[in-house]
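Please read the following walk through a model of two chains with the sequence and coordinates open. The text begins with one chain, then turns to the other and to the contact between them.

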Amino acid sequence: MMGLLVFWRRFRRNRAAVAGLAVLLLVVAAAIIGPVLHPIDPFDMIGRPTQLPSARFLLGTDVSGRDILAGLLHGARVSLVVGIVASLVATAFGLLVGAVAGYYGGAVDNVLMRCTDFFLTIPSFVLAIVIVAIFQPSIVTVTSAIAAVSWPSVARLVRGEFIAQRDRDYVRACRALGMKDREIILRQILPNALPPVIVVSSLMVATAILTESGLSFLGLSDPDVISWGYQIGVGRTVLRVAWWMSAIPGITILVTVLAINLVGEGLNDALNPRLQQR
Amino acid sequence: MSPTLAFLTRRLLQLVPVVLAIAALNFALLHLAPGDAADIVAASSGGASAEFTAELRASFGLDRPLHEQFVLFIGRLLTLDLGWSHIQQAPVLELVAERIPATLLLMVAAITVALAAGMLLGILAAMRHRGWIDGILSVVALVVYATPQFWLGLMLIVLFSVTLGVLPSGGMMTIATEMGWAARAADIGRHLVLPSLTLGLFYVALYTRLMRASMLEVFTLDFITTARAKGLSETRIGFVHAARNALLPVVTLAGVQIGHILGGSILVETVFGWPGLGRLVFDALLQRDLPLLLGILLVSSVVVVLVNLVVDLLYGLLDPRIVHR
């Protein structure tokens, strides 16, 4: 409890991060209760197509007469779920690879880092496209593809942390006490290595949301759910006459991603107080 | 053999495992995919009998055991055979190769803009550390980081092509007009402005931040104090003495980001109808052309490795202390 309080005090010092957190909570609230308060199916054609924002359709309608606001609210669910789950999966996998490579070193480290470097070399967006295209677009494949291209940076970071920690006195003491490797990795080193990882994986949520929007803009999104990138793709067809149709979901992405980035920086200040940037 | 040549040879040899690994990945993806090449061809010819599909499968060698297929696959790769696009009726390598120059042009333009602008702004921000320029640049960078590139492209089209009507909104050149090479170059240049700006802006922000941090680091070194003691102007110290030494980390990162830039150019090319790899990806997606997609993945990875090699060689020019062995 005390730790949380200290954490919040440090986090609060970064004004921009607090503002980002407020915006992010708003987006999360919109994703959870928005579709309840505004119960319109985002795929329903409910009005004349390509309408400007009005009292009846707060953000207007798209080329097929679908309510744009309903699309945004449902799209928020997709973006947040894909972003958060992809980041969690990538972090878990990166932790596993990085911890094993850093802790054991030697041949294991060599092989694992070769793999990591290999995945860092391939243009990640192209790989994500190929994975989604091959396994057919759905929430699961899109999330897995983003996770599959995001884990290497976590793995590298974790490996560095583990190498820095593995020969410290407290780890040697654990070994001398006869503690198992698994226990040392999970209970002793991991908590010490975690703060920078939390920062990186929170920023990864932002990147994942951007990647998801790019994929769905290319038509690689789950056909059963609406997403922000898909909305921009739809609006693009009438860009010359109805620019706001692509502008609105784009601004939504921008604000959400910006908020997450600000929160990430706040987390960095709060979790790694010694690494304060100039 | 001269050290540089030996370095080059070794680096080029390092390409081999990378290519083999991507080939293995491609092979795995291809076999994890629901349906195989025979099904796709059968489907694209409007449905076929089971016997015909089986015949196709045999003609592609798909009826052999997996390890044999893999050996065949690698063997074909070694003879630069990346497969056949059944949809475009052309070898994959040919389709991909003819798109590379346009993508490289776009990437080089974007990186050049980004490096030039990023360094300049970074130097300015560092020299006015905590001043208003520094503040504004930080805020702009935050916004740029959060902007989806393809959306930025669309908005630039709305502003510069639709509203102001000063720049073309798509394509690489004006079609069906005869012009001399100079006019043609200027025409391509005009078409290049919006796509390269769209692709480059993110990296302008990134390099500005990096250059700023790197400059602030250099400003703490002794030789800067010496320069100040000599009575040199702050402008000269910043732009001449510090900037040269702050450059290297920025170039390093530019090299690391090549894959990222290539990924971004896929979306940007789609937005602007730029006839490079990105458009090819888009077309391949529309037509479900898997062999073509996998070929693009392979070739673009090789491009990334080669560009990284070029960046490494550039180090030697920037910093004579670095010798390639």
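Two residues are in contact if their C-beta atoms, placed from the backbone, lie within 7 Å. This is a predicted model, in which local features need pLDDT of at least 70, side-chain atom pairs count only at pLDDT 80 or more, and totals for chains, interfaces and linings use all residues. Residues are numbered from 1 along each chain as its sequence is written, while chains are lettered from A and ligands numbered from 1 in the order in which they are written.

Chain A has 10 helices and 0 strands; here helices (H or I, at least four residues) and strands (E, at least two) are DSSP runs, numbered from the N terminus. Along the sequence, the pattern of chain A reads α-α-α-α-α-α-α-α-α-α. Taken along the principal axes, the box filled by the C-alpha atoms of chain A is roughly 75 × 45 × 35 Å. Of the 278 residues in chain A, 46% are buried. A residue counts as buried if 20 or more other C-beta atoms lie within 10 Å of its own, as exposed if 12 or fewer do, and as partly exposed in between, with C-beta atoms placed from the backbone. Among contacts in chain A with a separation of 6 or more, 70% join residues 24 or more positions apart.

Ala76(A) is part of helix α3 (residues 68-104) of chain A. Ala76(A) counts as buried because 22 other C-beta atoms lie within 10 Å. Leaving aside residues up to four places away in sequence, Ala76(A) touches Val27(A), Ala30(A), Ala31(A) and Gly34(A). Ile189(A) is 113 residues from Ala76(A) along the chain, and the C-alpha atoms of the two are separated by 36 Å.

Ala19(A) belongs to helix α2 (residues 15-37) of chain A. With 15 other C-beta atoms within 10 Å, Ala19(A) is partly exposed. The C-alpha atoms of Ala19(A) and Ala259(A) are separated by 7.7 Å, although these residues are 240 residues apart along the chain.

Gln136(A) sits in the loop between α5 (124-135) and α6 (139-165) of chain A. Gln136(A) is partly exposed, having 14 other C-beta atoms within 10 Å. Its phi is near 65 degrees, a positive value in a residue other than glycine. Most residues other than glycine have a negative phi.

Arg130(B), in the loop between α6 and α7 of chain B, has a phi near 65 degrees. Arg130(B) is exposed, with 10 other C-beta atoms within 10 Å.

The domain assignment divides chain B into domain 1 (3-92) and domain 2 (93-318); such bounds come from an automatic or database domain assignment. The C-alpha centres of domain 1 and domain 2 of chain B are 33 Å apart. To their contact, domain 1 of chain B contributes 21 residues and domain 2 of chain B contributes 17 residues. On the side of domain 1 that touches domain 2 of chain B, the elements giving two or more residues are α1 (3-32), β1 (84-85) and β2 (90-91) of chain B. The most comes from α1(B), with 9 residues. By class, this side of domain 1 of chain B has 16 nonpolar, 4 polar and 1 charged residues, where Ala, Val, Leu, Ile, Met, Phe, Trp, Tyr, Cys and Pro count as nonpolar, Asp, Glu, Lys and Arg as charged, and the others, Gly among them, as polar.

One helix pair in chain B is α6 (residues 100-127) and α12 (residues 258-272), which pack at an angle of about 110 degrees with their axes 10 Å apart. Axes are lines fitted to C-alpha atoms, for helices over the stretch in contact, and angles run from 0 to 180 degrees between N-to-C directions. The angle therefore makes α6(B) roughly perpendicular to α12(B), a term that covers 65 to 115 degrees. From α6(B), the contact uses Thr103(B), Leu106(B), Met107(B), Ala110(B) and Ile111(B), and from α12(B) it uses Ile261(B), Leu262(B), Ser265(B) and Glu269(B). By class, the contact of α6(B) with α12(B) has 6 nonpolar, 2 polar and 1 charged residues.

The contact between the chains takes 37 residues from chain B and 32 residues from chain A. On the side of chain B that touches chain A, α14(B) gives the most, with 9 residues. That side of chain B has 31 nonpolar, 6 polar and no charged residues.

Conventions: Parallel < 35°, antiparallel > 145°, perpendicular 65-115°, else oblique.
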